[in-house]
Amino acid sequence: MSAIPYSTAAEPWVLPSRGRVAMLSLIIGESAIFTIFVVAYVYYIGKSLSGPTPQQVLDVPIFNTICLLSSSITIWLAERQIEHGRMKAFTAWWALTMVLGIVFLVGTGLEWHKLIYLDGLTIHTNLFGTTFYSLVGLHATHVVVGLCMLSLVLIFSLTGHVTAAHSERIQVLALYWHFVDGVWVVVFTVVYILGR
Amino acid sequence: MADQSVPIGGALDLTPARPEERASVLEWLHGWVVTVDHKRLGMLYMIYAIVFILVGGAEAIAIRIQLAVPHNHFLSPELYNEMFTMHGTTMVFLVGMMYLFGFGNYMVPLMIGARDMAFPRLNAFSFWMSAFGGLLLYYSFIGGFGLYGMGAAPDVGWWAYAPLTARAFSPGHATDYWALALIVMGFGTLGSAINMIATALSLRCKGMTLMRMPLFVWLMLVVSALILVTITPLTAAQIMLTIDRYLGGHFFDTQAGGSATIWMHFFWIFGHPEVYVLVLPAFGIASEVIPVFSRKAIFGYPAMVAATVGIAFVSLGVWAHHMFTIGMTSVGNTFFVLSTMLVGIPTGIKIFNWIATVWGGKIRFKTPMLFALAFVFQFLIAGLTGIMLAVAPWDWQLHNSYFVIAHFHYILVGAIVFNLFAGIYYWYPKATGRMLSETLGKWHFWLFLIGFHVTFDTMHFVGFLGMPRSIYTYEPNRGWNDLNLIISLGGIIQGIAVLIFAWNLVQSYFRGKEAGNDPWDAWTLEWSVPSPPPAYNFATDPEVHSRRPLWDLKHPEDPDWKYEQ
Amino acid sequence: MRLTIRWHGPRAIRPIILAATALLIAFAAPALWADTPNPVPSIFSPESSPAHSIFGLSIFVLTITGGIFLFVGGLLAFAIVRFRGREDDSSEPPQIYGSTQVELAWTVIPILIVVVLFLTTARLIFAIQDAPKPPDALDVTVIGHQFWWEFRYPKLGIVTANELHVPVGTATFLHLLSADTDHSFWVPQLAGKTDLIPDHPNDTWMKPDRTGLFLGQCAQFCGVEHAMMLLRVYVDSPEQFAAWVKNQQQPGVQDAATAAGRHIFETEACTNCHAISGTAARGTFGPDLTHLMSRDTIAAGAATNTPQNLYDWIQNPNQLKPGALMPAMQLSDAQIDQLVAYLNTLH
């Protein structure tokens with residue numbers, strides 16, 4: 001045997017975690033979808049031929065935004081708790097994250113109720129209506145999907161099936177939730193600040 | 001051997017022999033429906049793609065019969081418009097996207113020494129979503145008013161420009177079938193892409209750094225990353241279209257201030273990278289076949305990787321070269337001329353590297369290599385006609401003419417389908433344990449080559465003579481008659497060749513020569529396992545030290561890892 | 001002010017262009033030799049300013065790409081022949097893994113080619129798209145419909161359909177609009193195509209240098225009868241054009257002999273879509289028929305303008321052009337006869 005063997009005995013073979021890679025890939029793909037809706041929104045600012053304008057009907061949803069962005073903090077805290085195996089604290093922070101998410105959704109619902117019934121703005125009314133409900137609605141849909149997944153984890157946690165061994169998976173899921181919050185920062189800026 | 005420095009799993013098959021129990025037909029079918037095995041799912045993708053290449057091909061033959069003579073009455077205008085829309089949509093989505101995941105799912109785990117894809121259940125879900133989406137698309141023929149009136153199959157062109165797709169101009173369900181079927185397929189595609197990325201990054205066997213992966217795996221990794229930002233804009237645009245059609249939205253409603261051109265931008269932001277998504281796996285196949293049949297390593301592996309990544313990035317910035325005639329500013333047009341010409345550079349680098357691989361080799365002219373060599377030659381021509389189209393003022397003449405159809409079929413058929421055939425002839429023995437017939441393969445190759453050139457070379461000229469695309473008939477006094485007849489005859493020849501191929505696939509399964517592990521004397525990991533591979537792929541996890549682990553094993557005095565850059 | 005584009009490329013290119021043109025004549029021959037009244041609409045037989053300059057650039061590009069094809073294709077062909085393996089030879093050839101110098105060479109040279117192609121292209125884009133409009137230019141507004149062309153000459157007070165008349169030697173600037181879906185105006189011998197997109201006006205121009213009839217058709221899929229949205233451009237001498245304009249400016253002919261037909265026209269809902277100046281008809285959904293008999297074809301080129309074709313068209317448009325938006329008005333044979341007689345007077 002003249003070839004000198006390349007020794008690999010000592011070196012560890014470390015590859016990225018497949019869950020994290022997959023979730024990051026999903027986030028990239030979803031970002032592309034959101035980008036297209038944001039581009040449409042921005043392109044059509046000021047181009048409506050009629051109907052209520054953003055300045056006339058949009059109130060800046062400060063409270064809602066604080067709730068949703070805080071939920072990123074609470075879920076981060078939950079991630080830290082499960083790493084150390086403190087399951088009760090984990091469940092508490094996790095539940096609080098969900099509550100904040102639900103408050104956000106309720107707030108969005110109330111906002112839409114006002115826009116539709118008081119201001120007469122629907123997806124059909126004008127370009128602003130079309131792009132507003134599509135973009136905010138797309139985001140809200142992602143919040144709903146996120147809440148579904150969070151509630152599954154909550155149920156498993158309350159029934160005692162979640163342990164510190166699952167902390168990696170929890171972090172992957174939390175990535176999604178952070179993404180949803182990140183998207184809201186963009187949507188909020190574009191719709192309630194730039195567009196008004 | 002005890003002192004083997006490069007143990008390759010699979011050479012030791014530790015499974016005890018077991019007599020096969022005959023499964024009932026239902027059990028056998030059930031096995032295929034619930035499978036999460038990447039090899040079975042890969043086969044399902046390939047069978048799906050082959051079935052729909054026959055269907056899409058039949059649609060093409062129908063189109064060519066209608067156009068063989070002017071003022072023909074073989075197809076009504078409505079039916080013709082459905083035929084060309086469905087032909088394009090079928091070939092891009094139900095054949096193109098499916099073949100690439102077929103090859104990818106089957107080969108990537110084997111090539112990286114893994115047991116399966118990163119997420120086997122996601123793999124199954126993605127396949128069945130994509131498959132269902134395609135069937136939904138075809139249901140449109142019998143949906144609506146039923147088979148006699150050819151139902152409500154999409155008839156708005158595969159690009160579905162607004163406002164033709166608005167309810168006002170397309171009141172039936174044709175557009176809805178198009179949008180919804182593709183949204184559903186899009187979810188499947190996204191799932192497969194995520195799976196492929198996670199597999200390539202997280203499941204490589206020991207020693208297989210990124211720069212030691214087979215080029216086919218690299219291409220699949222880059223394609224999957226590209227898919228993440230390519231298919232998703234289409235999904236977004238189709239959601240917007242559906243909102244317009246059903247919720248009264250105004251995204252593309254020019255009467256309400258909406259924009260027809262923004263659909264074009266969104267569609268081509270998808271559409272252009274999409275064609276690179278379709279062709280990159282074909283490059284990957286060529287980069288596996290050409291070295292083996294030239295008996296040399298691929299020339300310039302790092303350059304090939306860099307060129308691939310370069311193509312993926314640049315391809316995201318060229319989309320408006322499909323829109324040179326819509327009235328963009330001269331500055332806008334000029335930008336897209338530059339970006340489009342730039343994408344030709346990494347593409348050219350690949351062609352040169354393939355030629356350099358063949359150079360100095362000892363070429364074996366087996367069927368896979370015949371198709372791969374024809375691919376290089378045809379891809380060169382396609383790239384050059386692409387440069388012609390990139391010259392915007394010339395594009396103002398060539399756009400939407402038969403010259404463009406000739407150009408993109410040179411890629412889709414001349415590059416992609418030729419490599420699809422090369423890949424199947426190359427890897428069929430691995431998947432089935434049987435060789436495809438070389439005799440039938442050569443008949444298939446030569447007939448298809450002749451038919452391809454008769455059709456698509458001629459098509460360039462009828463484009464020069466001013467014939468636009470998407471027309472169900474043409475005037476007899478414009479000098480297009482003879483050329484159209486020739487084009488149609490070439491189509492028939494290609495059809496015969498593909499039927500020979502289909503027959504080869506079927507008869508070789510039962511009567512083909514036994515293949516063994518490594519019929520081609522190749523060098524990547526998939527050739528170290530039995531044909532077909534056992535369910536678990538590798539008995540022990542392989543460990544590699546170079547790009548060609550089997551070369552190292554077969555040439556211990558001259559291993560690759562001594563020379564690789 | 002003259003509006004022409006001239007090629008100012010490097011001198012050495014000229015003999016190469018000559019050789020390339022000779023090759024091109026081989027397959028473009030039918031088109032080059034083509035003559036009126038029905039020439040082949042080849043992009044390689046330009047008869048107007050922008051088409052000429054596009055042709056010049058295309059020959060330059062063909063020459064370069066042709067050279068690349070011969071060189072690279074030649075290398076490939078040579079390699080395939082020279083490096084064939086022998087059946088009995090199972091030894092492996094020397095393994096060459098790559099070469100940085102070679103990679104650099106075949107990266108740099110293509111970049112240089114791209115630079116040359118890009119600069120020549122950019123120059124022509126600006127020359128054509130941003131060409132200033134000469135003061136004596138003719139203005140025509142083109143409105144695309146499913147499946148016919150409306151032409152308006154705003155400064156001359158003319159409205160017509162499907163057959164465009166322009167004078168030779170002067171620039172005609174076309175303002176392109178759409179009434180419904182996307183269309184594209186393409187007459188290959190006169191100019192590159194430009195799209196007609198609703199709510200997105202576009203402009204293009206041509207400056208034909210010989211008289212004659214030039215053919216084209218809609219080049220953006222617009223629906224069922226996209227294939228039959230044909231174009232006829234008549235490039236007239238100054239006298240012919242002046243005569244045509246004068247005729248088009250007249251109101252519709254009022255011939256007492258065909259009063260019955262005119263009465264049918266005005267009462268059988270034709271006026272909902274069509275206009276005939278000098279009558280009560282003011283419809284804009286369909287073509288203006290004031291000078292129908294000055295046109296060689298009907299239904300946007302789907303049929304020649306003969307009384308029999310006109311009869312068939314009115315009786316059932318979908319027979320001639322399935323999917324055309326003109327409905328069959330369920331008129332009796334006698335009614336259609338009278339109608340056709342009336343329309344036949346509209347010169």
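Visitor: What makes B:Arg295 count as buried?

Guide: This is a predicted model, and the label rests on a count. B:Arg295 has 21 C-beta neighbours inside 10 Å. A residue is buried at 20 or more. So B:Arg295 counts as buried.

Visitor: Where is B:Arg295 found?

Guide: B:Arg295 sits in the loop between α7 (260-294) and α8 (301-315) of chain B. Its phi is near 65°, a positive value in a residue other than glycine. Most residues other than glycine have a negative phi.

Visitor: How do you know that C:Asn162 is buried?

Guide: By the count again. C:Asn162 has 21 C-beta neighbours inside 10 Å. The cut-off is 20 or more, so C:Asn162 counts as buried. Its place is in the loop between β3 (158-161) and β4 (163-167) of chain C. C:Asn162 is not a glycine, yet its phi is positive, about 70°.

Visitor: What is the omega of the peptide bond that joins B:Ala162 and B:Pro163?

Guide: Omega is about -5° there, and the bond is cis. B:Pro163 lies in the loop between α4 (120-139) and α5 (174-202) of chain B. Another cis bond joins C:Gln146 and C:Phe147, with omega about 5°. C:Phe147 is in the loop between β1 (138-145) and β2 (148-153) of chain C. Most peptide bonds are trans.

Visitor: Which residues have the most contacts inside the largest nonpolar core?

Guide: They are B:Phe375, B:Val376 and B:Ala422, in a core of 331 residues. The largest share, 22 residues, comes from helix α12 (residues 402-432) of chain B.

Visitor: Why is this core said to lie between domain 1 and domain 2 of chain C?

Guide: Because both domains give residues to it. Domain 1 is 13-86 + 94-129, and domain 2 is 256-343.

Visitor: What does B:Val376 touch, not counting residues up to four places away in sequence?

Guide: B:Val376 touches B:Ile351, B:Trp354, B:Ile355 and C:Leu76. Touching here puts C-beta atoms within 7 Å.

Visitor: How many residues of chain A are in contact with chain B?

Guide: 32 residues of chain A meet 38 residues of chain B. On the chain A side, α1 (18-43) and α5 (127-158) each give two or more residues. α1(A) gives the most, with 13 residues.

Visitor: How do the residues on that side of chain A divide?

Guide: There are 20 nonpolar, 10 polar and 2 charged residues on the side of chain A that touches chain B.

Technical notes: Residues are numbered from 1 along each chain as its sequence is written. Chains are lettered from A and ligands numbered from 1 in the order in which they are written. This is a predicted model: local features need pLDDT of at least 70, side-chain atom pairs count only at pLDDT 80 or more; totals for chains, interfaces and linings use all residues. A nonpolar core is a set of buried Ala, Val, Leu, Ile, Met, Phe, Trp, Tyr and Cys residues joined through C-beta atoms within 7 Å. A residue is buried if 20 or more other C-beta atoms lie within 10 Å of its own, exposed if 12 or fewer, and partly exposed in between; C-beta atoms are placed from the backbone. Helices (H or I, at least four residues) and strands (E, at least two) are DSSP runs, numbered from the N terminus. Domain bounds come from an automatic or database domain assignment. Two residues are in contact if their C-beta atoms, placed from the backbone, lie within 7 Å. Ala, Val, Leu, Ile, Met, Phe, Trp, Tyr, Cys and Pro count as nonpolar, Asp, Glu, Lys and Arg as charged, and the others, Gly among them, as polar.
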